[in-house]
Amino acid sequence: WVATTALAIGSFSVAGIPPVGGFFGKFVMFDLAVTNESLVLVALIFIGSLLSIVYMFQMYRRRIAAPETEDVDGWGVQAVSLVMALSLVAIGVYPDPLLNLIQVAAESVPRGFTP
C-alpha cells in the first residue's frame, strides 16, 4: 500500500494539484501565461494537467486492479517510495526553503545568459 499511495501522491504532483510540490511549477507557468495574456498557453497548461491526471491514474488503476500476488515490493522500495511521497507533500506544504534556493540559483545566472 505504501508504493500505491506514493504513486498517487506523485501523480498529484505531476498534474500540479496542491498541496504537493508540482503545484508550484504549474502555478508559476500559469501566472506567467496570464501575465503575458497568452490564452493559448493557459489552455495548454490546463490540458497538460488534465492529460497528466489521466495517464498517471491509468497506472494507479492498474496497480490497484492488479490481482494480489506475492508482494514484490520489498522494504527498500517501500522506504524510498515513502520518503519521496513525504518529500513531495513537504515541499507542497512548506516550499520556502526550496524557493529560496531557486532564487539564489536564479540570481547567480549572468544577465543575458542563453543556453
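The model is predicted, so local features need pLDDT of at least 70 and side-chain atom pairs count only at pLDDT 80 or more, while totals for chains, interfaces and linings use all residues. Residues are numbered from 1 along each chain as its sequence is written, and side-chain values use heavy atoms, with hydrogens and water left out.

**Overall fold**

The protein has five helices and zero strands, and it reads α-α-α-α-α along the sequence; helices (H or I, at least four residues) and strands (E, at least two) are DSSP runs numbered from the N terminus. Of the 115 residues in the protein, 23% are buried, where buried means under 20% relative accessible area, exposed over 50%, and partly exposed in between (1.4 Å probe, protein chains only). Among contacts (heavy atoms within 4.5 Å) with a separation of 6 or more, 64% are between residues 24 or more positions apart.

**The second largest pocket**

A pocket is an open set of points on a 1 Å grid over the protein atoms alone, where a 1.4 Å probe fits, with protein on both sides within 12 Å along at least five of seven lines; lining residues have an atom within 4 Å of a point. The second largest pocket holds about 180 Å³ of space, a volume being the space filled by probe spheres set on the points, which are joined across faces, edges and corners. Its lining includes Ala15, Phe23, Lys26, Phe30, Phe46 and Ile53. Helix H2 (22-35) and helix H3 (39-65) are the elements that give two or more residues to this lining, and H3 gives the most, with five residues.

**Residues in and around the helices**

Ser52 is found in helix H3 and, not counting residues up to four places away in sequence, touches Val14, Ala15 and Lys26.

| Residue | Relative accessible area | Class |
|---|---|---|
| Ser52 | 7% | buried |
| Phe30 | 28% | partly exposed |
| Phe46 | 52% | exposed |

The whole structure contains two aromatic pairs, counted when rings of Phe, Tyr and Trp (its six-membered ring) have centres within 6.5 Å; planes under 30 degrees apart are stacked, over 60 edge-to-face and the rest tilted. In one of them, the ring centres of Phe30 and Phe46 lie 5.4 Å apart with planes at 70°, so this pair is edge-to-face. The pair links distant parts of the chain, with Phe30 in helix H2 and Phe46 in helix H3, 16 residues apart.
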